[in-house]
Amino acid sequence: MRRKAFRLYSTYLKQRFNGRVHKISIDAGFGCPNRRGGRDAHGCLFCEPGGSGSVGIERDAAIPLQLERAKELMRRKYRAKYFIAYFQPFSNTFAPVDVLRNCYDQALDVDAVVGLAIGTRPDCLPPETLDLLAEYDRRTYLWLELGLQSIHDRTLNYLQRGHDYQCFLDAYQQAKARGLRVCVHLILGLPGESREEMLATAEEMAGRRRKVAPVACA
Ligand code: SF4
């Protein structure tokens, strides 16, 4: 059997936590600065009305209930032992620090939740929020998941992202300065991008990982 050239994230998590770990998408009710601060129809060209997120997410339930129900399902289906609460739809740092703290704590209080993944935009990370994330990083296993999609400003403009690549770089550097694990979301195959441009995005992210990120997933 041929060996894989990379280690699967699921394998890494299993080794780290000594058991199968699954991410559970939860909707904490945040809006998005790129949707006029709420959940209206504007925003990134590719964004679903529901702001993305797994199928079956129980958007109207309280955070602990969303987690408990998904846990049951994942235990049955995948024999998962531990869980990472993934704040996925919309921008999950788009609120005052005390509101964020309350939501993150609700998730961490749920039995067998061993970490947090916080999805957001690079222009939604003021210093006090980054400090809060650094605090949670010391308490638990935390990933900051940053939407970028492409390093090319022409594409970001086309996508109506509402920020440029430099904005991402600034946020990334601030996060890394606080020791955070950063996962970057990219889309390959965007309209108008050549193969070379797509490869440039991938290479830039891979290079960034070698330079500064001890662990990164994109
Ligand atoms: S930043 Fe995220 S939630 Fe907001 S419009 Fe873009 S993809 Fe959707």
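The notes below take the sheet and then the pocket.

The model is predicted: local features need pLDDT of at least 70, side-chain atom pairs count only at pLDDT 80 or more, and totals for chains, interfaces and linings use all residues. Residues are numbered from 1 along each chain as its sequence is written, and side-chain values use heavy atoms, with hydrogens and water left out.

**Sheet**

- Five strands form an open sheet in the order β1-β2-β3-β4-β5, with parallel pairing; strands (E, at least two residues) and helices (H or I, at least four) are DSSP runs numbered from the N terminus, and two strands pair if DSSP finds at least two bridges between them.
- β1 and β5 are the edge strands with a single partner each, so one side of each has no neighbour in the sheet.
- From one strand to the next, the twist averages 25° (axes are lines fitted to C-alpha atoms, and angles run from 0 to 180 degrees between N-to-C directions).

**Strand β2 and its partners**

- Strand β2 (residues 82–87) is largely enclosed by the rest of the structure, because five of its six residues are buried (under 20% relative accessible area, with a 1.4 Å probe and protein chains only).
- β1 (residues 21–26) runs parallel to β2 and is joined to it by six bridges; I24 stands opposite A85 in β2.
- Five bridges pair β2 with β3, also in the parallel sense.
- In that pairing, I84 stands opposite G115 in β3, and F87 stands opposite I118 in β3.
- Between β2 and β3 the chain passes through helix α3 (residues 97–108), a right-handed β-α-β crossover (with the strands pointing away from the viewer, the path from the first strand over the helix to the second runs clockwise).

**Largest pocket**

- The largest pocket holds about 450 Å³ of space; a pocket is an open set of points on a 1 Å grid over the protein atoms alone, where a 1.4 Å probe fits, with protein on both sides within 12 Å along at least five of seven lines.
- The volume is the space filled by probe spheres set on the points, which are joined across faces, edges and corners.
- Its lining comprises 25 residues (an atom within 4 Å of a point), and F46, S52, F90, Q149 and R161 lie nearest the centre.
- By class, the lining has nine nonpolar, 11 polar and five charged residues (Ala, Val, Leu, Ile, Met, Phe, Trp, Tyr, Cys and Pro are nonpolar, Asp, Glu, Lys and Arg charged, and the others, Gly among them, polar).
- β3 (113–120), β4 (141–149) and β5 (181–186) each supply at least two lining residues, and β4 gives the largest share, four residues.

Notes: Buried < 20%, exposed > 50% of the residue type's maximum accessible area, 1.4 Å probe, protein only.
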